[in-house]
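Student: I would like to go through the terms used for a model and see what each one rests on. Can we take them one at a time?

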Amino acid sequence: MILPIRKFPDPVLQRPGEPVMDFDDALQSFVSDMFETMYAAQGIGLAAPQVGVSRRVTVIDLSGGKDPEQKMVLVNPEIIERAGKLYEEEGCLSFPEIREKVVRAARVTVRAQDEHGKWFEAEGEELLSRCMQHEIDHLDGVLFIFRISGLKRDLALRKIRKMQRAGEW
Ligand code: NI
């Protein structure tokens, strides 16, 4: 089932997600809905708060559904190591048409549970590293426009307000 994606400034996007305790059927079906929603929106990452669920769950697939090996479910994830620096443009499904350069670690190691509750570690470089950091930020209620300069953020917020007024947001 495709879920509606919440856009900024929906307050759920800035609320830290609750840890997941139950790895039950409801979670499995939620994770599968998240993948379906992400693919339909042509995204490479989606976090539960973006569909209005304040839980620490995120899905990532850099292949956009073409390569099952790249599907990644991160439940209760934590970044345990970061190295290097990247400064690249990012977008977010909750901010259509807004793209901004964000400073991120070039490599991260993440510790997380899968949808069955099994703990694992995963490493990400370049795009995967950025995506992991962006999605884990969502679980802390942190949005990418709060990781750019105040000046650039004001410009982006002005653009959003303009689109809202025009009924395009
Ligand atoms: Ni996002």
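Predicted model: local features only at pLDDT ≥ 70, side-chain atom pairs only at ≥ 80, totals over all residues.

Student: What makes the pair of Phe 95 and Phe 144 edge-to-face?

Tutor: The angle between the planes is 80 degrees and the centres are 5.2 Å apart. Edge-to-face needs over 60 degrees, so the term applies. Phe 144 sits in the loop between α2 and α3, 49 residues from Phe 95. Ring pairs join Phe 8, Phe 95, Phe 144 and Trp 169 into a cluster.

Student: How do you know that the charged end of Lys 71 sits over the ring of Phe 35?

Tutor: The charged end of Lys 71 is 4.4 Å from the ring centre of Phe 35, and the distance limit is 6 Å. The position must also be within 35 degrees of the ring normal. Lys 71 is listed as sitting over the ring. Arg 111 likewise lies over the face of Trp 119, at 4.2 Å from the ring centre.

Student: What makes Cys 92, His 134 and His 138 donors of the nickel ion?

Tutor: Their atoms, SG of Cys 92 and NE2 of His 134 and His 138, lie 2.1 to 2.2 Å from the nickel ion. The cut-off is 2.8 Å, so these atoms qualify as donors. The spacing of the donor residues in sequence is C-x41-H-x3-H. Because Cys 92 is in the loop between β4 and β5 and His 138 in helix α2, the pair ties together parts 46 residues apart in sequence.

Student: Why are Cys 92 and His 138 called buried?

Tutor: The relative accessible area of Cys 92 is 10%, and that of His 138 is 1%. Buried means under 20%, so both residues count as buried.

Student: Which residues lie closest to the centre of the largest pocket?

Tutor: Of its 20 lining residues, Ile 44, Glu 90, Gly 91, Cys 92 and Arg 99 are the closest to the centre. The volume of this pocket is about 360 Å³, and α2 gives the largest share of the lining, six residues.

Methods: Residues numbered from 1 in each chain as written. Heavy atoms only, no water. Phe/Tyr/Trp six-rings, centres within 6.5 Å; stacked < 30°, edge-to-face > 60°. Helix = DSSP H or I, 4+ residues; strand = E, 2+ residues; numbered from the N terminus. Donors = N, O, S within 2.8 Å, 3.2 Å for Na, K, Ca; no water. Buried < 20%, exposed > 50% of the residue type's maximum accessible area, 1.4 Å probe, protein only. 1 Å grid on protein atoms, 1.4 Å probe; cavity = no way out; pocket = protein on both sides within 12 Å on 5 of 7 lines; lining within 4 Å. Points joined across faces, edges and corners; volume = space filled by probe spheres on them.
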